[in-house]
Amino acid sequence: MFEDPTLDEYLETLELSDDESPAVLPERKQSPIFRSPAKQTWVSPPSKPTNVHDELDDILNDPDFSSELVSTHKPSQLSIKKKCNAVFLGKPVSAQKPSCTNTRCSACDSVVVCFTDMVWEGEVEYLFLRNNYPDLHRLKEKLRSKSGSYAYACQCNSVTVASQVSLKSLKSSLRWFCASH
């Protein structure tokens, strides 16, 4: 059949002499596919048919495995996260309408930051927010102090609020939502 002289030469260089220790050679991993030296072709070892259901039963019946599946939490210990029914920004006017403190933007996937007693100076550009969010020291360039106001921003939008307002009543381009409390 097909003989490759370079392969034979290479294999001869790898053969051990009697005084060499086999410990100096790296271990070879068993491969599920091996080369048959007689035929010079690739052969897959015979595989036994397996029943997936039997294997799953063995895994699930293993005491070490099944103990990991048992929950140690009682239903009363599980924390239930609540979302705001209507998202409000600004200073809360009543306990029935609290302002959301965990707002996120679905457009840029960022947390909305709030700066108390600050307002945005005019229109804030997208790239300015993108490059400077959420660092207050860098954002101060476009912020100024104003008592009782709130400046909100994510990486793509900014809003100034003087009193409590519903998120729905603000810019339609805002894609902010309550991310649970």
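A disulfide here is a pair of cysteine sulfur atoms within 2.5 Å. Searching the whole structure for that turns up 0 disulfides.

Before going on, the ground rules. This is a predicted model, where local features need pLDDT of at least 70 and side-chain atom pairs count only at pLDDT 80 or more, while totals for chains, interfaces and linings use all residues. Residues are numbered from 1 along each chain as its sequence is written, and side-chain values use heavy atoms, with hydrogens and water left out.

Back to the cysteines. Cys105 is buried, at 1% relative accessible area. Buried means under 20%, exposed over 50%, and partly exposed in between, with a 1.4 Å probe and protein chains only. Cys114 is partly exposed, at 34%.

Next, charge. The structure has 1 salt bridge. The term means a side-chain nitrogen of Lys or Arg within 4 Å of a carboxyl oxygen of Asp or Glu. Arg104 and Asp109 are the partners, 3.0 Å apart, N to O. Are they buried or exposed? Asp109 is exposed, at 56% relative accessibility. Arg104 is partly exposed, at 22%.

Now Thr101. Thr101 sits in the loop between strand 3 (88–89) and strand 4 (103–105). Strands are DSSP runs of E, at least two residues; helices are runs of H or I, at least four; both are numbered from the N terminus. Thr101 is exposed, at 71% relative accessible area. Its C-alpha atom lies 8.9 Å from that of Val112, 11 residues away along the chain.

Three strands form an open sheet, in the order 6-7-8, with antiparallel pairing. Strand 6 (113–120) and strand 8 (158–161) are the edges; each has a single partner strand, so one side of each has no neighbour in the sheet. The twist averages 40 degrees from one strand to the next. Angles run from 0 to 180 degrees between N-to-C directions, with axes fitted to C-alpha atoms. Strand 7 (residues 143–153) pairs with strand 8 over 4 bridges. Pairing takes at least two DSSP bridges. Tyr152 faces Val159 of strand 8.

Last, the surface. Which residues form a nonpolar patch? Val52, Leu56 and Ile59, with about 260 Å² of accessible area together. Patch residues have over 30% relative accessible area and no salt bridge, and nonpolar side chains are joined within 5 Å, like charges within 9 Å. Areas come from Shrake-Rupley with a 1.4 Å probe. Val52 belongs to helix 2 (residues 52–61). Val52 is exposed, at 52%.
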